Amino acid sequence: MDRQRYDEVIRVCCLEKDLEMMDYGDQTEIGERGINLSGGQKQRIQLARAVYQDCDVYLLDDVFSAVDAHTGSEIFKVQAFYSALCLNLILLILC
């Protein structure tokens, strides 16, 4: 695991506060179908998983749909978010 990349992905996907609130941080066991997470938390975790993978192509389908407006705005305008995806093809689908 690349700890530096991991920490950066957590930051750019705005998951720091969420992990701080969980009893075991990123080691917290998530219930079946993410029952103990909000829709926005589920969405940001999925986004973080995608960003961490360092793929050549990302297909992101309405990634901010379950994220509140403030958090979505923060993720969207964070330059590091785009740096984390740099040199990759990003297809962002907004519905």
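Begin by selecting residues 39-52, helix H3, whose 14 residues reach 20 Å from the first C-alpha to the last, close to the 20 Å expected at 1.5 Å a residue (the expected span being 1.5 Å times one less than the number of residues; helices are DSSP runs of H or I with at least four residues, strands runs of E with at least two, numbered from the N terminus). The model is a predicted one, in which local features need pLDDT of at least 70 and side-chain atom pairs count only at pLDDT 80 or more, whereas totals for chains, interfaces and linings use all residues. Residues are numbered from 1 along each chain as its sequence is written, and side-chain values use heavy atoms, with hydrogens and water left out.

Within H3, show the side chains of Gln41, Arg44, Leu47, Ala48 and Val51 together with Gly40, which are buried (under 20% relative accessible area, with a 1.4 Å probe and protein chains only; exposed is over 50%, and partly exposed lies in between). They cover an arc of only 125 degrees around the axis, which puts them on the same side of H3, the arc being that of the directions from the helix axis to the C-beta atoms. Just past the end of H3, aspartate 54 takes a positive phi of about 55 degrees.

Next, move to helix H1, residues 3-12, where the buried residues are Tyr6, Val9, Ile10 and Val12. After H1 comes cysteine 14, with a positive phi near 55 degrees.

Finally, display the chain as a whole and trace the pattern α-α-α-β-α-α-β along the sequence, made up of 5 helices and 2 strands. Of its 95 residues, 34% count as buried.
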